[in-house]
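These are my notebook entries on a structure I looked through, written down in the order in which I went. I kept each definition beside the term it belongs to.

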Amino acid sequence: MSSSAAIEVKGLGKRFDIGAESGGYELLTERITERLRTLGRRAKTQEFWALQDVDFEVKQGETFGVIGHNGAGKSTLLKILSRITPPTTGEARLRGRVGALLEVGTGFHPELTGRENVFLNGAILNMGRAEIQRRFDEIVEFADIGPFIDTPVKRYSSGMQLRLAFSVAAHLEPEILIVDEVLSVGDVGFQQKCLDRMQGASREGRTTVFISHNLSSVRNLCDRALLLSQGKVNAIGNVSDVIDGYIGEVERDLPRSLRERENRDGTGELRFVDVRLERDGQVIDSPTTGEDCDIVLSYEADREKPFQRVNFGITIFALVEGSTPLLNLSSETAGAVFRDIPPHGEARCRLHNCPLPAGQYFMSIWAELAGVMLDGVHRAFEMTVSGGDFYGSGRQPHPDHRTVLVPHEWSVTEASRPDLDGPPADAGYRAKTSA
Amino acid sequence: MNPPQAQALAMQETVIAPPRPWQALELRELWAHRELVYFLTKRELQVRYKQSIFGVSWAVMQPLAFAGIFAVIFGAILHYKPPGGLPYLVFAVASIVPWLFVSQAIQNGSSSLVQDANLIAKVYFPRLALPLSKGLSLLIDLAIALVLVILITLLYSVTIASTVWLVPAFLLLGVVTAFALATLFSAINVKYRDVQLVVPMLVQIMFFASPVLYSGTTVGDQAGRAWHYIYSLNPLASVLDGMRWALFNSPYPGTINIAISVASALVLLVGALIYFRRAENYFADHV
């Protein structure tokens, strides 16, 4: 036990009972009938350890990252450290005033003004009234909402609400700060401003635990990191090592060379040998959201004569989270009919205004002929998409909402009120009959 | 921040461990979060008054409307004569004001945790702050409505008894009862959502079981005093009859009856707090 540790976690575990007492709420009437039915027998419950035997230490002044797949226990750990839910086993000691930030704007009420919400939200985050009073001007200035501070928050744009909420949170000055993925919302410029403030925080000797699945922000912000896998500590140490290990874990069964890949489907009459990305004829590593990008599939075949009517396809998944396809591209569906294609060639798919938000993805590729699979390679290629301004609005989608982006427009119109204007369809009908 | 203060903060250590089955109430923790209670109470009031067109006057309108209706039905139509020759409107408003406080505190309080489920899921604070702040915000309404009671009493030129200083004691009994039930129901409600449907029904039953429209001091007059003791297990019996006694010198509910009511309210409070404390740890897992 070193005296410099701000956080010491030992043998921490959290068990949930699935079955009779599932998480979430239930109905008392159901519970009573259930009890009556299983009278004399013990209700079957299944145990699930969301977190098990977790040990780690965070030194004072350190910025410590926690990463892992969805469901690896990150948020359970976060909730235990912030005292929202108790552990089942073990203990954690935190030395210093703790501030936890699982969400920005918790408790914001739309009916209250910005000023009222700042005080309420501050109190919720355990800032004293005097402290909020003292920093009030700073908070308003940081949020950049100017004269709207005495307007009810329900009249704010969502961006304004977010900036105000974040501004309160950014002025939280505990000795130990526990933050969830809250930095990833808001417009790009404001995000940077908040990141700068956070990094400033660690220089002031504040201990920060940063829980995230955004690997690049963990890499930028943290000194050390912990990788959780299925509720257990998988790796702990220097942030780059842990992240590389994590990416390695994801990639483990991916041979680099597509040509030598054994694990594939199809008759093998045609084989994919390479995938690359291009923009304006230049090979690129990563496409940018909102910009054109070519996905080029090189293939070979052991024959001389051309193929008739091949349907090429690409299916894109999110690298870490994904088992559900995000985007399916098929040449036939897109209306491209390849009558004679060379036995050795390249199929090029141009993605206009790349609709994938920033993040890591993998793609599966396939080629079929009259419904017969010629070659199909799952996880043939991985790519990182860099964030761009798809909508030209200066905003990026929230990383929790990782879906493809499509161009669209919004508008609001006043509904016509029949008692005032009379239904137009009816008027038209009358006009016709009178004519 | 001056050095001694910084040192005191550096000493602060939080130990997070599995909860023991019997835990202290940790009122100190609640006290440490008094500013949160203050702001939550303020939020209640602000939102309530901003959303109502009548604003603060709603606190007066509501009991006045009820008292008026009851005065017409019971006073003018059914000719119920309150003991001591009290005008029915005076009699009714003096019991409806505390009753409305109790019933609203129970109903609003019992949904307080579920309503702020997001706070429970995202932030640590003593959960008791939620039903507590609901109750506190209603106390402001109660204070405003009490002024109405005094005004109507003066309007009917009813003499206010010299025992009026005992009114807060009876009100306190009512506050304790309401807070106990609100706390208990709010905690059960987190886990069993259908309890929310039962609460209004229970409040209805309480309404008729409590001497709001009638005087409870005559209960058991024919069947025997034992019935009045049983009746007094409902703390509101002593709250309402006691308040009318203290205000207007109406018939005294009886010392033993008051003692029974006080004991009953305390048992409720202790039971509710024990249940709440045990359930509190797992609220975040259920919301």
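**Entry 1: strands around β13(A).** I looked up A:G313 and noted that this residue stands opposite A:S330 in β14(A). The two strands concerned, β13(A) and β14 (residues 327–330) of chain A, pair in the antiparallel sense over four bridges; two strands count as paired if DSSP finds at least two bridges between them. I also wrote down what the names stand for: helices (H or I, at least four residues) and strands (E, at least two) are DSSP runs, numbered from the N terminus. This is a predicted model, in which local features need pLDDT of at least 70 and side-chain atom pairs count only at pLDDT 80 or more, while totals for chains, interfaces and linings use all residues. Residues are numbered from 1 along each chain as its sequence is written, and chains are lettered from A and ligands numbered from 1 in the order in which they are written.

I then followed β13 (residues 310–318) of chain A to β16 (residues 359–369) of chain A, and found that nine bridges join these antiparallel strands. One of the pairs I checked is A:I314, whose bridge partner in β16(A) is A:I365.

**Entry 2: a six-stranded sheet.** In what order do the six strands of the open sheet in chain A lie? I read the order as β5-β6-β7-β3-β8-β9, with mixed pairing. The edge strands, each of which pairs on one side only, are β5 (98–101) and β9 (232–238) of chain A. Neighbouring strands of this sheet are turned by 15 degrees against each other on average, direction ignored; for such angles, axes are lines fitted to C-alpha atoms, for helices over the stretch in contact, and angles run from 0 to 180 degrees between N-to-C directions. At one end of the order I looked at β8 (residues 224–229) of chain A, which pairs with β9(A) in the antiparallel sense over six bridges, and I noted that A:A225 has A:G237 in β9(A) as its bridge partner.

**Entry 3: where the chains meet.** I noted that the contact between the chains takes 42 residues from chain A and 34 residues from chain B, where two residues are in contact if their C-beta atoms, placed from the backbone, lie within 7 Å. On the side of chain B that touches chain A, α3(B) gives the most, with eight residues. By class, this side of chain B has 18 nonpolar, seven polar and nine charged residues; Ala, Val, Leu, Ile, Met, Phe, Trp, Tyr, Cys and Pro count as nonpolar, Asp, Glu, Lys and Arg as charged, and the others, Gly among them, as polar.

**Entry 4: helix pairs.** In chain A, the axes of α4 (residues 129–143) and α5 (residues 158–170) come within 8 Å and cross at roughly 135 degrees. The two helices are therefore oblique to each other; angles under 35 degrees count as roughly parallel, over 145 as roughly antiparallel, 65 to 115 as roughly perpendicular and the rest as oblique. I found A:I139, A:F142 and A:A143 in α4(A) meeting residues of α5(A), including A:L164 and A:V168.

In chain B, the axes of α5 (residues 88–110) and α10 (residues 195–209) come within 10 Å and cross at roughly 170 degrees, which makes α5(B) roughly antiparallel to α10(B). Their contact has five nonpolar, four polar and no charged residues.

The axes of α9(B) and α12 (residues 235–248) of chain B come within 8 Å and cross at roughly 160 degrees, so α9(B) is roughly antiparallel to α12(B). The contact of these two helices has nine nonpolar, four polar and no charged residues.

**Entry 5: one leucine.** Is B:L148 buried, exposed or partly exposed? B:L148, in α8 (residues 129–155) of chain B, is partly exposed because 19 other C-beta atoms lie within 10 Å; a residue is buried with 20 or more, exposed with 12 or fewer, and partly exposed in between, with C-beta atoms placed from the backbone. Leaving aside neighbours within four places in sequence, I listed its contacts as B:V60, B:P63, B:L64, B:V93 and B:V97. The C-alpha atoms of B:L148 and B:A59 are separated by 9.6 Å, although these residues lie 89 residues apart along the chain.
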